[in-house]
Amino acid sequence: MRTKILLLFLLIFTVANSQINEKKNMQAGILTVVTGDKIPFKNLQWVEDKAYYFNIQDSKNEQLFDNNIQSVEEITENDPRFANLFPKRGNVVVPQENVAIPTDTRYKPNYPDGIYAAKEDFLNKTPSSHEEIVFMSLKGLGMSNKDVLKVGEDDNCFIYTADDKKLKNVFAVSQDGFLYFNVKAILKNKSKGNGSQDSDTPNAFTRATIGGDNYMYMETVLANTWGKSFAYQFGATGGALAATMDHMKGVIWDFKTQKFDIFKNCSDFNKFLLNVKLDKQVDCEGNRHSYLLEARNIIEEIK
């Protein structure tokens with residue numbers, strides 16, 4: 001029942017926050033952002049939740065997430081509202097540039113492929129090993145009983161060596177542009193004030209899904225160590241209770257501090273926003289877990 005209620009809430013949240021009724025490619029038009037500013041564009045194309053277009057006023061290729069867009073109006077190039085916005089040199093209209101649309105919009109940080117056994121290897125961008133590796137789902141107990149994954153297929157997974165040994169006690173792995181952090185390394189290298197966190201799968205890896213010059217963001221299932229330990233004291237009932245304490249939590253790698261920060265809950269994420277002096281807060285009322293939807297958008301702004 002709780003799962004159904006959460007799914008219903010997520011559906012309502014998504015619909016309520018959607019600004020674009022129909023995402024379709026357009027030859028020309030005017031895009032209005034949430035601040036009210038208008039952008040005349042050509043060759044707008046949608047890839048997942050991003051709009052890619054050529055900004056006529058600035059003569060630049062640009063991109064925007066859908067939650068930053070209030071409306072998109074398609075009009076012809078002969079429309080007076082549109083024609084007056086073309087930058088001109090004398091009587092010559094500046095030619096339209098081609099918009100580069102990526103085939104894969106997922107985040108791929110610039111780290112050479114390989115296994116980074118230690119934090120220092122990662123900081124130096126120097127892999128300590130180039131072993132052949134295989135990505136596996138978190139289900140099952142051995143390579144023969146597991147689902148083999150394509151690189152980047154799941155954001156949380158196990159990684160095995162070619163001889164069926166689970167990769168353990170390393171800091172990170174980079175493969176085909178995707179970067180995965182070891183959960184145990186996250187817990188070992190977390191910042192002060194993150195509390196006592198634990199994972200039922202400490203040897204799993206979680207993929208960095210958002211990143212920039214300041215942070216890299218990822219999500220993985222964690223729980224409070226002491227809370228779970230206390231629950232386990234009550235036998236089978238306590239074990240069932242402990243299982244409910246595992247939740248998907250947001251994690252960032254802070255390039256400045258060279259530590260991980262774990263967002264234990266919605267309020268904890270708001271504390272982080274205060275610490276980085278960002279004048280923005282997430283409404284945590286009835287938003288215990290789905291706040292991550294808003295957190296991702298905010299991280300995109302400050303990454």
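This is a short tour of one structure, stop by stop.

**Before you start.** The model is predicted: local features need pLDDT of at least 70, side-chain atom pairs count only at pLDDT 80 or more, and totals for chains, interfaces and linings use all residues. Residues are numbered from 1 along each chain as its sequence is written, and side-chain values use heavy atoms, with hydrogens and water left out.

**Stop 1: the disulfide.** Select Cys266 and Cys284. Their sulfur atoms lie 2.1 Å apart and form a disulfide (a pair of cysteine sulfur atoms within 2.5 Å). The count by this rule is one disulfide. Which hand does it have? The torsion about the S-S bond is about -85°, so the disulfide of Cys266 and Cys284 is left-handed. Cys266 sits in helix H7 (residues 266-275), while Cys284 is in the loop between H7 and helix H8 (291-302), so the pair ties together parts that are 18 residues apart in sequence. Helices (H or I, at least four residues) and strands (E, at least two) are DSSP runs, numbered from the N terminus.

Now check accessibility. Buried means under 20% relative accessible area, exposed over 50%, and partly exposed in between (1.4 Å probe, protein chains only). Cys266 is buried at 3%. Cys284 is partly exposed at 24%.

**Stop 2: helix H8.** Select residues 291-302. The end C-alpha atoms of H8 are 17 Å apart; its 12 residues should span 16 Å at 1.5 Å a residue, which agrees. That expected span is 1.5 Å times one less than the number of residues. Next, colour the buried residues of H8: Tyr291, Leu292, Ala295, Ile298, Ile299 and Ile302. They cover an arc of only 115° around the axis, which puts them on the same side of H8. The arc is that of the directions from the helix axis to the C-beta atoms.

**Stop 3: the sheet.** Show the seven strands of the open sheet, in the order S8-S12-S13-S15-S11-S9-S10, with antiparallel pairing. Two strands pair if DSSP finds at least two bridges between them. Which strands stand at the edges? They are S8 (114-116) and S10 (148-149), each with a single partner strand, so one side of each is left without a neighbour in the sheet. Go to S9 (residues 133-136): four bridges join S9 to S11, running antiparallel. Val134 has Tyr160 as its bridge partner in S11.

**Stop 4: Asn156.** Stay in strand S11 (residues 156-161) and select Asn156. Asn156 is buried, at 16%. Its side chain makes a polar contact with that of Thr206, at 3.1 Å. A polar contact is a pair of N or O atoms within 3.5 Å; within protein, one must be able to donate a hydrogen and the other to accept it, and residues adjacent in sequence count only if both atoms are side-chain atoms.
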